[in-house]
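Please prepare a short briefing on the structure shown below, with the points grouped by topic and each term given its cut-offs.

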Amino acid sequence: MKLFNLPNFITMGNALCGCLAITFILGDQPDLFTASLLVLAGAVLDFFDGFAARLLKISSPLGGELDSLADVITFGLVPAFIARHLLLQTELAQTYPLIGYFPLIIALFSALRLAKFNVDTRQSLGFIGLPTPANTLLWIAFPLTVATTSAPNPFWIAPFISNGYAIMVLAVISSFLLISEIPLIALKFKGFGWKGNESKFVLVAGSVVLGAIFQFAALPLILVLYVGLSVVFNNKSN
């Protein structure tokens, strides 16, 4: 069994980004902005490890397992610790310290989602339930928005910076979406034509427009768009 090849090295780079992100979150002076940038780097590597494996025709069960283990770190533990840090800043967690551990459910459900994906043959052509990288993009939107804008935070960002109950509710919703039975759009294009790619073109166009207007604050809106389009287009195809 060959342990070391280019795709596996790229996957380990993803895991390293997650490990480094955690050190920035848990340091003496927490730096959620740098941690979030490391998550974005991990997401890029997560895309290219599969791309490299297909290009080089290197595919193995080991690579798949390694990918899931890396994702547990970068897209499971990191968003959980980001949510925990945000919650600890609120009056609710300062009054009831044990509540500060509640966001760790994100890590638990991320691990469950990844294990489910590995054994679920229905997900070979698409996703059932929210992919862990998409869920992580939701959580890094908060520190990225706060760090990069001088204007008041949009109403879909502001509550999650200071409201402990809102953070806990979002943690529950995102954890549920991870293991839900909702079929979601696969992001692989079937050629360059409109037919068969309608939902993907709409998602890409909508994401570009939202990103241009709201920058990092667009990430939660893009996630809502992604889930909404998936529901609409999957219902049309049934």
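The buried residues of helix 2 are covered by elements that include helix 1 (6-26), helix 3 (61-88) and helix 6 (132-148), where helices (H or I, at least four residues) and strands (E, at least two) are DSSP runs numbered from the N terminus. This is a predicted model, in which local features need pLDDT of at least 70 and side-chain atom pairs count only at pLDDT 80 or more, while totals for chains, interfaces and linings use all residues. Residues are numbered from 1 along each chain as its sequence is written, and side-chain values use heavy atoms, with hydrogens and water left out.

**Helix 2**
- Leu32, Ala35, Ser36, Leu38, Val39, Gly42, Asp46, Asp49, Ala52 and Ala53 are the buried residues listed for helix 2, where buried means under 20% relative accessible area, exposed over 50% and partly exposed in between (1.4 Å probe, protein chains only).
- Helix 2 (residues 32-56) has 25 residues and should span 36 Å at 1.5 Å a residue, which agrees with its end C-alpha atoms being 36 Å apart; the expected span is 1.5 Å times one less than the number of residues.
- At the start of helix 2, a side-chain oxygen of aspartate 31 comes to within 3.3 Å of the backbone nitrogen of phenylalanine 33, and just after the helix, lysine 57 takes a positive phi of about 55°.

**Serine 174**
- Serine 174 lies in helix 8 (residues 164-179) and is buried, with a relative accessible area of 1%.
- Leaving aside residues up to four places away in sequence, serine 174 touches Ile106, Asn135, Leu138 and Trp139, a contact being heavy atoms within 4.5 Å.

**Aromatic rings**
- Rings of Phe, Tyr and Trp (its six-membered ring) pair if their centres lie within 6.5 Å, and planes under 30 degrees apart count as stacked, over 60 as edge-to-face and the rest as tilted; by this rule the count comes to six aromatic pairs.
- Phenylalanine 117 and phenylalanine 127 form a tilted pair, 6.3 Å centre to centre with 40° between the planes, and this pair links helix 5 (residues 105-119) with strand 1 (residues 127-128), the two residues being ten residues apart.
- Phenylalanine 117 is partly exposed at a relative accessible area of 32%, and phenylalanine 127 is partly exposed at 25%.
- Phenylalanine 155 and tryptophan 156 have ring centres 5.0 Å apart and planes at 90°, so their pair is edge-to-face; phenylalanine 155 is exposed at 68%, whereas tryptophan 156 is buried at 15%.
- Trp139, Phe142 and Phe160 are linked into a cluster by ring pairs.

Definitions and conventions:
A polar contact is a pair of N or O atoms within 3.5 Å; within protein, one must be able to donate a hydrogen and the other to accept it, and residues adjacent in sequence count only if both atoms are side-chain atoms.
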